[in-house]
Amino acid sequence: MKTLELQFLTQDNKTVRVAVDEPAEPIDTVKVKNAMAQMLSSGVLVSSSGTAVSSVKGARLIEQNVTEYTLA
């Protein structure tokens, strides 16, 4: 499973993360940057403490491997 993690900074320099499951690949960094800028300008992002999100920090693609075991 892959997740695109969008990272933003709050006014008090804390990181806020937004996860996008199973993003389209290859990742288009220009589109990601534009989408993050739109999210910032819309004002919809607020941290769990209520602090406003103020800037883009970065983005990263996270890949997880999960192995399930039947224990019967």
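## Order of elements

Following the sequence, the protein chain runs through the pattern β-β-α-β, with one helix and three strands in total. Helices (H or I, at least four residues) and strands (E, at least two) are DSSP runs, numbered from the N terminus. Please keep in mind that this is a predicted model, in which local features need pLDDT of at least 70 and side-chain atom pairs count only at pLDDT 80 or more, while totals for chains, interfaces and linings use all residues. Residues are numbered from 1 along each chain as its sequence is written, and side-chain values use heavy atoms, with hydrogens and water left out.

## Overall dimensions and surface

The C-alpha trace of the protein chain spans about 50 × 30 × 15 Å along its principal axes. Its radius of gyration is 15 Å, whereas a compact globule of 72 residues would have one near 11 Å. For that comparison, the radius is taken over C-alpha atoms, and the globule rule is 2.2 Å times the number of residues to the power 0.38.

Of the 72 residues in the protein chain, 24% are buried. Here buried means under 20% relative accessible area, exposed means over 50%, and partly exposed lies in between (1.4 Å probe, protein chains only). The accessible surface of the protein chain comes to about 5,500 Å², and carbon and sulfur atoms hold 50% of it. These areas come from the Shrake-Rupley method with a 1.4 Å probe; for residues, only the protein chains shown count as cover.

## Contacts and charges

Among contacts in the protein chain with a separation of 6 or more, 57% are between residues 24 or more positions apart. A contact means heavy atoms within 4.5 Å.

The protein chain has 7 positive and 8 negative charges, and their mean positions are 10 Å apart. Lys and Arg count as positive and Asp and Glu as negative, while His and the chain ends are not counted. Each charge is placed at NZ of Lys, CZ of Arg, CG of Asp or CD of Glu.

## Backbone details in the loops

The loop between strand 2 (15-21) and helix 1 (29-42) contains Pro 26. A cis peptide bond joins Glu 25 and Pro 26, with omega about 0 degrees. Glu 22 is also placed in the loop between strand 2 and helix 1. This residue is not a glycine, yet the phi of Glu 22 is positive, near 50 degrees. Glu 22 counts as exposed because its relative accessible area is 54%.

Turning to the loop between strand 1 (2-10) and strand 2, you will find Asn 13 there. Asn 13 is another non-glycine residue with a positive phi, near 65 degrees. Its relative accessibility is 59%, so Asn 13 counts as exposed.

Glu 5 belongs to strand 1 and, at 10% relative accessibility, counts as buried. Its side chain makes polar contacts with the side chains of two arginines: Arg 17 at 3.4 Å and Arg 60 at 2.7 Å. A polar contact is a pair of N or O atoms within 3.5 Å; within protein, one must be able to donate a hydrogen and the other to accept it, and residues adjacent in sequence count only if both atoms are side-chain atoms. Setting aside residues up to four places away in sequence, Glu 5 touches Arg 17, Val 18, Gly 58, Ala 59, Arg 60 and Ile 62.

Thr 10 is also in strand 1, and its relative accessible area of 3% makes Thr 10 buried. Apart from neighbours within four places in sequence, Thr 10 is in contact with Val 16, Ser 47, Thr 51, Ala 52, Val 53 and Ser 54.
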